[in-house]
Amino acid sequence: MAGLQTVGSALLTLGLVAIAVALSLYERLDLEKDIGLAVVRSFVQLAAIGYVIDYVFGLENLWVVVMLLAGMVLFAAWTSARRARDVPNAFLIVVVAVGVAAVATLVLLLALGIVPATARYLIPLGGMVIGNSMNASSLTMTRIRDDLAEQRPKVEAALALGATSRQAVSPILKTALQRALIPLIDATKTTGIIFLPGAMVGMIIAGADPLEAVRLQIVVLYMLLGSVSIAAILVGTLSYRSFFTPRHQLETAPPEH
Amino acid sequence: MAPTGIEIHGLGYELYGAEILKDVDVLVREGETTAIVGSSGAGKSTLLRAINRLIEPTSGEVYLDGEPTSRLDPLELRRRVGMVFQVPALFGGSVAGAVLYGARLAGKAADPGRLLEMVGLSASLAERDPQTLSVGQQQRVAIARALALGPEALLLDEPTSALDEGARRKIEELVTDLNARLGLTMVFVSHDLSQVERVADRVVVLAEGKCMGEWDSDDFFSRAGERARRYIAGGL
């Protein structure tokens, strides 16, 4: 572990990123700006959250934990809503969906006594749930938006045949949810064979007993699978509605977009 | 079911500040085929969608057999007034699945073979994948799909615009045939005047969202309608 004692040594891994940037420049892939931004942002954000978590751990105050998680949900919703620009009420939809997923998961973990009610458990696990739910929410909403635009004639034909909005949008909703959840479902299926998940890798590297790491990882996997599915399904069933009127009419998007 | 007249009263439709329809009055008599003509952007398709409330008019009212459609359940209204679009947009797996889509939702029994024969297709196509049919055949399936609900009226939004000349004529013949055989009230949107002459009993001219007048087809295509025809020809 000697190599990870200083920030300087952690930054040495930037050498790898430099190679990626060089490749991007050489091949003119225009990825270097995004990679650079990602490096800077992740460093600043991780450093900040490191200090925040350190501070919060010291406080041992559950309200501070709750506030921090709520902040994460709002930031996730803001990020997701920016991705799904033309989805009406996207921000509110993601706040509800990710919020419900996070609360349901953490309350269940606490109620079953799987984790203790301390910042050390709630913040990282909550963060994982919120982050993964955010990604699934963005994927679900953008897919519904794009498919509704592309398959407008079919949706209109279904409505004209007396289908409700829900019935008319059902094939699109199904595809969107499948697409949003496939990465997680596949990752869960192949876990341990193709890749060792992050939490487990972290614990093993930090010197924990591999079997204990597996135990925690199983909790994490099921928690993610459940909560992310809940979030995506909520986002799907809430967001399609904003494309229709209560009288089962497809809303027309504004001309300039 | 008995054919139904459609009365459009002072209909207006505004979308993002643009007036698409302005105070439109049209009378579609029961059992007749009324063509709505006009250049693109005149509001023809919008007017058609206001009849079965695929869009919500901003002002005015559409009466179906004397009943204000704003007070009808939109799903019920759409089952009574069928619609055929520019593109077939078939779904439901097989041809039979496509034909029965609306009828199944409504819990109505329908015989796909008989419906296919009604639109001049062989009942043996029922199990085919709709995508393997020609576009002309697909459009017939779309008409059968609308008929499966036993509608009182049929709205046709440029149903031949995606077809070649031969297929176009066959759809026109089917439409006039269905009108004669079933006595279905039909509203037929078209920008092709020669087609209108072949299918329509009445002609309504729209320009920039306004109704420019209504004619009996015979009058419209004789001297009486010459000015209106020239006006449209200039705008097309």
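Me: Among contacts in chain B between residues at least 6 apart in sequence, what percentage join residues at least 24 apart?
Reply: The model is predicted, and a contact here requires C-beta atoms, placed from the backbone, to lie within 7 Å. Taking the contacts in chain B between residues at least 6 apart in sequence, the share that joins residues at least 24 apart is 70%.

Me: Why does the radius of gyration of chain B agree with that of a compact globule?
Reply: The C-alpha trace of chain B spans about 50 × 40 × 35 Å along its principal axes, and 48% of its 236 residues count as buried. For 236 residues a compact globule would have a radius of gyration near 18 Å, which agrees with the value for chain B, 17 Å.

Me: Which strands are the edge strands of the open sheet of 4 strands in chain B?
Reply: The order in this open sheet is S2-S1-S4-S5, with antiparallel pairing. Within chain B, 7 bridges join strand S1 (residues 6-15) to S2, and Leu15(B) has Ala18(B) in S2(B) as its bridge partner. The strands that pair on one side only, and are therefore the edge strands, are S2 (18-28) and S5 (67-68) of chain B.

Me: Which residue in the turn of the hairpin formed by S9(B) and S10(B) has a positive phi?
Reply: Strand S9 (residues 202-207) and strand S10 (residues 210-216) of chain B run antiparallel and are joined by 6 bridges, and Arg202(B) has Asp216(B) in S10(B) as its bridge partner. The hairpin leaves 2 residues between the strands, and the one in the turn with a positive phi, of about 45°, is Glu208(B).

Key:
Residues numbered from 1 in each chain as written. Chains lettered and ligands numbered in written order. Predicted model: local features only at pLDDT ≥ 70, side-chain atom pairs only at ≥ 80, totals over all residues. Rg over C-alpha atoms; globule rule 2.2 N^0.38 Å. Buried ≥ 20, exposed ≤ 12 C-beta atoms within 10 Å, placed from the backbone. Contact = placed C-beta atoms within 7 Å.
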